[in-house]
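Please look over the sequence and the structure shown here. The report that follows walks through them part by part.

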There are 2 protein chains.
Amino acid sequence: MRKSSKEVQREGPKLTRQRSVVLDVVRKSEDHLSASEVYESARRLLPTISYATVYNSLRYLKDAGLVSEITFGNAASRYDGKTVRHDHAICTGCGKIVDFHITESAELMRAAARHSRFKPDSIHLTLRGLCPGCRSD
Amino acid sequence: MRKSSKEVQREGPKLTRQRSVVLDVVRKSEDHLSASEVYESARRLLPTISYATVYNSLRYLKDAGLVSEITFGNAASRYDGKTVRHDHAICTGCGKIVDFHITESAELMRAAARHSRFKPDSIHLTLRGLCPGCRSD
DNA sequence: ATCTGGAATTAGAATTATTCTAAATATGAA
DNA sequence: TTCATATTTAGAATAATTCTAATTCCAGAT
């Protein structure tokens, strides 16, 4: 066997059955699921899937840019099928997470880079407050 | 004993020895310490202090508005003696956290509130990128 | 059709951060 | 002093996530 032939097409099965099930679960969900919620749903579609595989798949998909991970405080990570840049609002009443999009994010990132002296990569903003449901308590 | 008399001056020892040691440690530190780093330092000043007390104190101080807690990804929380509103840049190279301050935060919060329909409470932005040290690799 | 090597999956153990529990201690008022 | 309450302590418990080692899968080579 020649080295070159192996090197050229060294592609394992990238989007395996379990990874695509995990991707489906995240994409089909309206809200932002935690890893254990993903596991529960994935198990309905593929009962033999393991917890570790859910974590591995989420990481793989995140690295591949197919899902994004959101973290708030010390709560469990949540996963989002929406991969275009956007921001999050979290309700201090019920914990609900809502996506929103700020139009001036590019200027904002430049301003932040200027103030911090960092070479910017991405910016994310988090609004904390009461969601429409909780503001009318 | 009358109820009223108790209600009026129901004040325990608010800033105990251990709490003020924890506060000192957080305030004196240049960078943003994790709970275990706070514990290590606090122990040098008060060797009998326990891990649980460090956590309890950090929570107490946070609720009292004397320290603030920052979280990134699934890493351990870090604590900041700076309590005026500010933002954070995190280096994707070395993990270093740097404070900065965006001047237009009030408008930004209004814009975020408008887009998310939340009743705003606070806003925080996170810049991800390379710190001055790491950008010249 | 079988072999083989690397990648992926599995189950469960291990790790890490944090919180909880119950007993002991300190504090300040009566 | 005594009492009630708040705090501290040590260690157990919990929760999220990662690691480990054994097994399985798959594509390409034989």
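## Two copies around an axis

A:Leu125 comes closest to the rotation axis of the residues of chain A, with its C-alpha at 2.2 Å. The model is a predicted one. Chain A can be superposed on chain B by a rotation of 180°, with 0.0 Å of shift along the axis. The RMSD of that superposition is 0.0 Å. The two copies are thus related as by a two-fold rotation axis.

## Where the chains meet

How many residues does each chain bring to the contact? Chain A gives 35 residues, and chain B gives 35 residues. On the side of chain A that touches chain B, the elements giving two or more residues are β4 (87-91), β5 (97-100), α5 (105-116), β6 (119-130) and α6 (132-135) of chain A. The largest share of that side comes from β6(A), with 12 residues. By class, the side of chain A that touches chain B has 17 nonpolar, 12 polar and six charged residues.

Of the interface residues of chain A, 100% are also interface residues in chain B, so the copies meet through the same surface.

## A strand pair across the interface

Strands also pair between the chains. β6(A) pairs with β6 of chain B, residues 119-130. The pairing is antiparallel and runs over 11 bridges. Within it, A:Ser122 has B:Arg128 of β6(B) as its bridge partner. Strands of a sheet pair through backbone hydrogen bonds, either parallel or antiparallel.

## The open sheet of chain B

Chain B has an open sheet of three strands, in the order β1-β3-β2. Their pairing is antiparallel. Which strands lie at the edges? They are β1 (33-34) and β2 (68-70) of chain B, and each pairs on one side only.

β1(B) meets β3 of chain B, residues 78-80, over two bridges. The sense is antiparallel. Here B:Leu33 is opposite B:Tyr79 of β3(B).

## A hairpin in chain B

Another antiparallel pair joins β4 (residues 87-91) and β5 (residues 97-100) of chain B, over four bridges. B:Ala89 faces B:Val98 of β5(B) as its opposite residue. Five residues lie between the strands of the hairpin of β4(B) and β5(B). One of the hairpin's residues, B:Gly95, has a positive phi near 85°.

## Helices α2 and α3 in chain A

In chain A, helix α2 (residues 17-28) crosses α3(A) at roughly 120°. The two axes come within 9 Å. α2(A) and α3(A) are therefore oblique to each other. The crossing of α2(A) past α3(A) is right-handed.

Which residues make this contact? From α2(A) come A:Val21, A:Val22, A:Val25 and A:Val26. From α3(A) come A:Val38, A:Ser41, A:Ala42 and A:Leu45. The contact of α2(A) with α3(A) holds seven nonpolar residues, one polar and no charged.

## Helices α3 and α4 in chain A

α3 (residues 35-45) of chain A also packs with helix α4 (residues 51-63) of chain A. Their angle is about 115°, and their axes are 10 Å apart. That makes α3(A) roughly perpendicular to α4(A). α3(A) passes α4(A) with a right-handed crossing.

On the α3(A) side, A:Ala35, A:Val38, A:Tyr39 and A:Ala42 take part. They meet A:Tyr51, A:Val54, A:Tyr55 and A:Leu58 of α4(A). What classes of residue make up the contact of α3(A) with α4(A)? Eight are nonpolar, with no polar and no charged residues.

## Helices α2 and α3 in chain B

Now to chain B. Helix α2 (residues 17-28) and helix α3 (residues 35-45) of chain B have axes that come within 9 Å and cross at roughly 120°. α2(B) and α3(B) are therefore oblique to each other. Their crossing is right-handed.

α2(B) brings B:Val21, B:Val22, B:Val25 and B:Val26 to the contact. α3(B) answers with B:Val38, B:Ser41, B:Ala42 and B:Leu45. By class, the contact of α2(B) with α3(B) divides into seven nonpolar, one polar and no charged residues.

Conventions. Residues numbered from 1 in each chain as written. Chains lettered and ligands numbered in written order. Predicted model: local features only at pLDDT ≥ 70, side-chain atom pairs only at ≥ 80, totals over all residues. Pairing = 2+ DSSP bridges. Contact = placed C-beta atoms within 7 Å. Nonpolar A, V, L, I, M, F, W, Y, C, P; charged D, E, K, R; others polar. Least-squares fit on C-alpha atoms with pLDDT ≥ 70 in both. Axes fitted to C-alpha atoms, helices over the stretch in contact; angles between N-to-C directions. Parallel < 35°, antiparallel > 145°, perpendicular 65-115°, else oblique. Left-handed = near helix turned anticlockwise from the far one by under 90°.
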